[in-house]
Amino acid sequence: MLSRSSISERFRDYDAGRSSSLIEMPVTDRDLAAHDADWKLIQKNTFTRWANEHLKQVNKAIADLEVDFSDGVRLIALVEILSQKKIGRFNRRPVHRNQKLENISICLDFLQDVEKIRIVNIDSSDIVGGNMKLILGLIWTLILHYSISMQMWDDAENGGFINGKRDQTPKQKLLGWITSRIPDKPVRNFTTDWNDGTAIGALVDAVAPGLCPNWKIWDPRRNVANATEAMSAAEQWLDVPQA
C-alpha cells in the first residue's frame, strides 16, 4: 500500500505536452482505502488469470478467488499441476465445512512438508472463510515459488546463479533477473524505481527488442503515458494482458 506522501506525489497536472506542476492535495484515509481496494482488485484479476492458465490443463477454472478455492478441490488441482506431484487422498466432493477444512489443511501441509514452501499466518479456516487478503497472499507465494523462483534458476545463464548468489529470497531473485535484463536502467526496488514508467518500457524492450526502442528518452514526468505505452505493447505483441 502506498504511503500518504507517495500518493500525493501522483496527483499531477499534465498540460498537453508542457511541463507538469505538482498539485498539493491532502490525502485522506478514504483515498488510501480506495487505492488499496483498487490494487486488491487488480491483484485478484491478475491472480485469477494466472491460476486459470494452469487449471485449464485439467479442464478446471475459477471465477472468484474468494469462494472458488474454499472447498480445496481446485486449490489442490492447482498445486498438483504446479508441483507435478500428486497430493494423495482428499475429499473430492466436500459438502460439510469440516471436509473443506480438511482439504485445505492437506494442501497447506503438502506445500510446507513436501515442497518446503514457507506458509506464514495462513490456515485452512482463512481459505474456507474467504479471507481475500490471505488468499491473495497464498497465491502470490505460489507464483513466487513456481513461476518466478524455480524458473529463474532454470533459466539463469551462469549455472543456476543470479548475480553470483544462490541464497536469495524470491523477490531478490526476481530483482536480479530484471537488472540482468536492463543493465542500462538501474532498478533497486519494486516501488519508486517504476513510478515514471521508463523501467517497464526498458524491460518490455529487453524482452522483445524494438517494442519500446525510445524508452531512454521518455519524459519521466509523463509517467502514466510511459507505462501505458509499454503495457499496451506487451499486451499486443507479447500476449501479456493488462489488469
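pLDDT is the predictor's confidence in each residue, from 0 to 100.

**Entry 1: confidence**

I started there since this is a predicted model. The protein averages a pLDDT of 80, with 75% of its residues at 70 or more. Where pLDDT is low, the predicted coordinates should not be read in detail.

**Entry 2: the overall layout**

I counted 10 helices and 2 strands. Reading from the N terminus, I get α-β-β-α-α-α-α-α-α-α-α-α. The chain has 243 residues, and 38% of them count as buried. Of the contacts with a separation of 6 or more, 43% are between residues 24 or more positions apart.

**Entry 3: the cores**

Which residues have the most contacts inside the largest nonpolar core? I find L65, F69, L111, I139 and L142, in a core of 34 residues. Helices α2 (29–55), α4 (73–83), α5, α6 (124–128) and α7 (132–155) each supply at least two residues. The most come from α7, which gives 8. I clicked on I139 and, leaving out residues up to four places away in sequence, saw it touch F47, W50, L65 and F69. There is a second, separate core of 16 residues, with L175, A199, A233 and A234 among them.

**Entry 4: salt bridges**

My count is 8 salt bridges. I looked at K44 with D64, where the closest N and O atoms are 3.0 Å apart. K44 sits in helix α2 and D64 in the loop between α2 and α3 (65–68), so I note this pair as linking distant parts of the chain, 20 residues apart. D64 is partly exposed, at 24% relative accessible area.

Next I checked E53 and K56, whose side chains meet at 3.2 Å, N to O. E53 is partly exposed too, at 48%.

What does the bridge between K216 and D184 tie together? K216 is in the loop between α9 (198–207) and α10 (223–238), and D184 in the loop between α8 (170–181) and α9, so the pair joins parts 32 residues apart in sequence. The closest N and O atoms here are 3.5 Å apart. K216 counts as exposed, at 58% relative accessibility, and D184 does as well, at 56%.

Conventions: Residues are numbered from 1 along each chain as its sequence is written. Side-chain values use heavy atoms; hydrogens and water are left out. Helices (H or I, at least four residues) and strands (E, at least two) are DSSP runs, numbered from the N terminus. Buried means under 20% relative accessible area, exposed over 50%, partly exposed in between (1.4 Å probe, protein chains only). Contact means heavy atoms within 4.5 Å. A nonpolar core is a set of buried Ala, Val, Leu, Ile, Met, Phe, Trp, Tyr and Cys residues joined through side-chain atoms within 4.5 Å. A salt bridge is a side-chain nitrogen of Lys or Arg within 4 Å of a carboxyl oxygen of Asp or Glu.
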